[in-house]
Amino acid sequence: MIWYILVFSFYVLFLIWANVKSLKKAESIDDYTTGGHRMGLLLGIGTTAATWVSVASVIGVPGYLYSSGVAAVIGWVAGWCFGGALIPIVAYKIRRPEKPARTFPEFIRHRFEPFQKKSTLQAIVGILMFIGYLLLVNIQVTGFGIVFSSITGIDYKIAIFGFLLFILITSVGGFWSVAATDTLNTILIMIGVLLASGVVWSLTGGIGNILDTLATTTAPTNVGGPELEEGILLSPFGTFGIGALASIFISNSLGTPSSPHWVTRMLAPQNVKVAILQVMGTILVLIFIMTPLIVIGLGAKVLVPSIPVDKTTDYIIPLVIQQYTPPIIGGITLVAICAAAISTANSMLLHCATSLYYDVYLNIAPKRISEKKFKNWLRLSIFGIATAAVLLAINPPWFLAMGFVYVYGGFGAAFFLVVFLGLYWKRMNRAGAYAGIIIGAVVYVAAKAMGYGLPFVIAVTASLIGVLLAVYFTKRPPLEAYEPYFEAEVSDSTRDVLAKMRSTTQEEPEAKNDRSHIG
Amino acid sequence: MFLAMMVWVGTMIFSFLLGTFLCFKVEKSGVKRWGATGRIFKYK
């Protein structure tokens with residue numbers, strides 16, 4: 001216990017130091033929301049990797065590896081990786097404008113409603129984002145609570161409130177604070193899972209023994225539960241079946257590149273190429289995080305054949321670490337898992353609060369405000385949303401990794417066509433965007449509620465039909481809407497429209513072209 | 001197990017090929033603001 005507390009205290013002190021330091025960098029609204037579009041490659045890889053590796057990865061995926069076998073590698077690890085592979089397709093276009101959008105809903109406005117004084121589309125996207133990220137933050141809080149209660153022995157329902165302390169520390173400096181903390185967290189997560197997997201490897205006798213056990217075990221997931229079919233844990237479809245696994249893979253992969261926080265991440269790098277290289281570098285870094293997680297998740301079945309009846313598979317990692325790893329390694333690993341929860345949550349909270357305050361409130365009730373006031377309101381919103389997420393996590397409604405699948409599926413259903421067609425098809429217009437977002441979101445929720453096997457595919461198909469009908473029955477979009485994403489140099493009228501859109505909601509910060517790149 | 005790992009490795013290879021192709025396209029555009037530097041993986 002003392003080692004856990006000691007490592008945790010060092011981590012908290014570092015967080016405070018890093019955030020006070022990065023607080024000085026957050027100068028303008030651009031800085032606060034997207035790091036001023038100046039993010040360098042190394043910091044970009046650090047923050048992207050940390051946001052990628054959430055509790056769904058470090059707790060949820062090993063949990064599913066433990067209960068469903070190697071199929072979880074296809075559903076989550078490969079699914080997210082394929083989705084990540086598609087992100088550069090978005091980056092290649094969205095980072096082209098000289099002054100890119102600050103937020104995802106603002107991009108939607110720039111692309112589809114450049115002449116509207118108040119953008120309804122921007123507000124709708126902001127509200128959908130708010131709902132989605134509230135649920136995703138809720139998942140991070142749940143994971144944090146599981147680990148924090150394991151470390152300290154505090155009851156889970158009280159432990160989750162510790163999350164607010166970390167959010168208070170990490171969200172004061174906006175995007176730079178989030179990025180700096182994330183880079184540290186990436187290193188910590190990598191060290192933690194590598195050490196823990198080394199211990200599991202040594203205790204189980206290596207991958208050969210693990211696979212031998214998986215091939216023959218019939219031990220139920222929970223003590224007293226139904227026995228597993230022999231060999232099912234090594235089947236590529238696992239306990240899911242082909243239909244459910246396909247649904248998980250598609251939601252994770254196609255939902256990723258159209259999820260607002262990934263699109264916004266692509267607005268932060270200093271240019272298009274950095275954005276592309278950032279994703280490639282992140283996928284490389286993730287090999288050193290995902291491989292140990294696979295070893296831990298599968299190896300756990302050898303060490304703990306069945307988990308206690310009152311625990312979900314989300315508890316398997318804390319159980320293995322506490323029972324089988326030396327205290328110092330256990331401390332680092334569990335703090336790394338907390339870091340994963342915090343780094344993903346602070347990024348999502350920033351997007352969530354920005355969408356609510358900037359894209360909904362300031363868009364509907366436009367007024368010129370100072371940057372100081374903007375940041376203060378945003379901080380307040382972040383803390384308010386975090387509190388709501390904590391309260392929702394008192395009785396967590398789903399398994400961590402599966403919760404991600406649902407929300408990513410929802411984001412993909414609502415935004416996939418709008419993002420990709422908006423960036424690559426000049427004819428895509430405002431009516432098409434309304435049809436795509438509304439039909440996609442409504443059909444996904446309805447298909448999910450009715451229990452269909454592939455809700456994402458059903459929703460995107462319905463959305464595509466709606467988009468095509470809307471686009472071809474309405475007039476072409478104006479040049480000013482698509483030009484920044486297709487041409488290197490834009491016309492004067494496009495430049496004027498972009499400048500006007502920014503000035504309707506915010507006090508424009510001074511030009512900072514002379515500043516050096518950071519990261 | 002082998003099949004599952006191969007699916008993951010396949011997605012990674014796809015990612016690097018696609019990223020390289022897009023970097024090549026940036027270079028081909030010659031637009032410095034987008035990151036064209038004269039070398040495919042050099043960004044500044």
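Mentor: Happy to! Please keep in mind that this is a predicted model. Leaving aside neighbours within four places in sequence, A:Ser68 is in contact with A:Ile232, A:Leu233, A:Gly238, A:Thr239 and A:Phe240. A:Ser68 belongs to helix H4 of chain A, which covers residues 55–68. With a relative accessibility of 4%, A:Ser68 counts as buried. Its side chain also makes a polar contact of 3.5 Å with the side chain of A:Ser67.

Another serine, A:Ser54, sits in the loop between helix H3 (41–52) and H4 of chain A. A:Ser54 is buried too, at 1% relative accessibility. Residues up to four places away in sequence aside, A:Ser54 touches A:Gln140, A:Ala340, A:Thr344 and A:Phe404. Look also for A:Ala341: its C-alpha is 5.4 Å from that of A:Ser54, although 287 residues separate the two in sequence.

Chain B has one helix and zero strands. Its C-alpha atoms fill a box of roughly 45 × 15 × 15 Å along the principal axes. Of the 44 residues in chain B, 36% are buried. The chain exposes about 2700 Å², and carbon and sulfur atoms supply 72% of that area.

Where the chains touch, 36 residues of chain A are in contact with 30 residues of chain B. Together the two chains bury about 3000 Å² between them, with 78% of it on carbon and sulfur atoms. On the chain A side, A:Tyr92, A:Lys273 and A:Met280 lose the most area to chain B, together 22% of what that side buries.

The interface has polar features as well: the rule finds eleven residue pairs in polar contact across it, both residues at pLDDT 80 or more. Helix H5 (71–94) and helix H14 (272–303) of chain A each supply at least two residues of the side that touches chain B. H14 of chain A gives the most to that side, with 13 residues. By class, the chain A side has 29 nonpolar, three polar and four charged residues.

One salt bridge is found across this interface. In it, the side chains of B:Glu27 and A:Lys273 meet at 2.3 Å, N to O. B:Glu27 lies in helix H1 (residues 2–29) of chain B and A:Lys273 in helix H14 of chain A, so the pair joins two chains. Are these two partners buried or exposed? B:Glu27 has 18% relative accessibility, so it counts as buried, the cut-off being under 20%. A:Lys273 is buried as well, with a relative accessible area of 0%.

A:Arg495 is partly exposed at 37%, while A:Glu98 is exposed at 53%.

The side chains of A:Glu113 and A:Arg430 also meet in a salt bridge, at 2.7 Å, N to O. A:Glu113 is buried, with a relative accessible area of 1%, whereas A:Arg430 is partly exposed at 35%.

Conventions:
Residues numbered from 1 in each chain as written. Chains lettered and ligands numbered in written order. Predicted model: local features only at pLDDT ≥ 70, side-chain atom pairs only at ≥ 80, totals over all residues. Heavy atoms only, no water. Helix = DSSP H or I, 4+ residues; strand = E, 2+ residues; numbered from the N terminus. Buried < 20%, exposed > 50% of the residue type's maximum accessible area, 1.4 Å probe, protein only. Areas by Shrake-Rupley, 256 points an atom, 1.4 Å probe, with all protein chains shown as cover. Contact = heavy atoms within 4.5 Å. Buried area = accessible area lost by both parts, 1.4 Å probe. Salt bridge = Lys/Arg side-chain N within 4 Å of Asp/Glu carboxyl O. Polar contact = N/O pair within 3.5 Å; in protein donor to acceptor, adjacent residues only side chain to side chain. Nonpolar A, V, L, I, M, F, W, Y, C, P; charged D, E, K, R; others polar.
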